Amino acid sequence: MLLLGIVTAAFWAGTRPPMRYGGAMVNTPFAMVPVDLVRQVLRGPDLVAVLVVVHLLWG
């Protein structure tokens with residue numbers, strides 16, 4: 001199941017739409033962070049992270 005999830009995440013990351021650099025910004029103590037850009041970059045690896053946590057919890 002984990003292998004299928006990793007393949008799905010790679011496909012999902014590979015087929016994401018082109019990056020958009022506009023959108024909402026969040027002011028942090030370090031700098032302005034573009035929320036949409038972070039969300040776009042994490043498309044794919046977020047699925048792998050969830051699958052790893054589920055795999056670790058259910059053994």
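Among contacts in the protein (heavy atoms within 4.5 Å) between residues at least 6 apart in sequence, 52% join residues at least 24 apart. This is a predicted model, in which local features need pLDDT of at least 70 and side-chain atom pairs count only at pLDDT 80 or more, while totals for chains, interfaces and linings use all residues. Residues are numbered from 1 along each chain as its sequence is written, and side-chain values use heavy atoms, with hydrogens and water left out.

**Fold and dimensions**

- The protein has three helices and two strands, arranged from the N terminus as α-β-β-α-α, where helices (H or I, at least four residues) and strands (E, at least two) are DSSP runs numbered from the N terminus.
- The radius of gyration, taken over C-alpha atoms, is 15 Å, whereas a compact globule of 59 residues would have a value near 10 Å by the rule of 2.2 Å times the number of residues to the power 0.38.
- Along its principal axes, the C-alpha trace spans about 40 × 25 × 10 Å.

**Exposure**

- Buried residues (under 20% relative accessible area, with exposed meaning over 50% and partly exposed in between; 1.4 Å probe, protein chains only) make up 10% of the 59 residues.

**Individual residues**

- Tyr21, in the loop between helix 1 (2–14) and strand 1 (25–27), is exposed, with a relative accessible area of 64%.
- The C-alpha atoms of Tyr21 and Val35 are separated by 9.7 Å, with the two residues 14 apart along the chain.
- Val41 lies in helix 2 (residues 35–41) and is partly exposed, at a relative accessible area of 44%.
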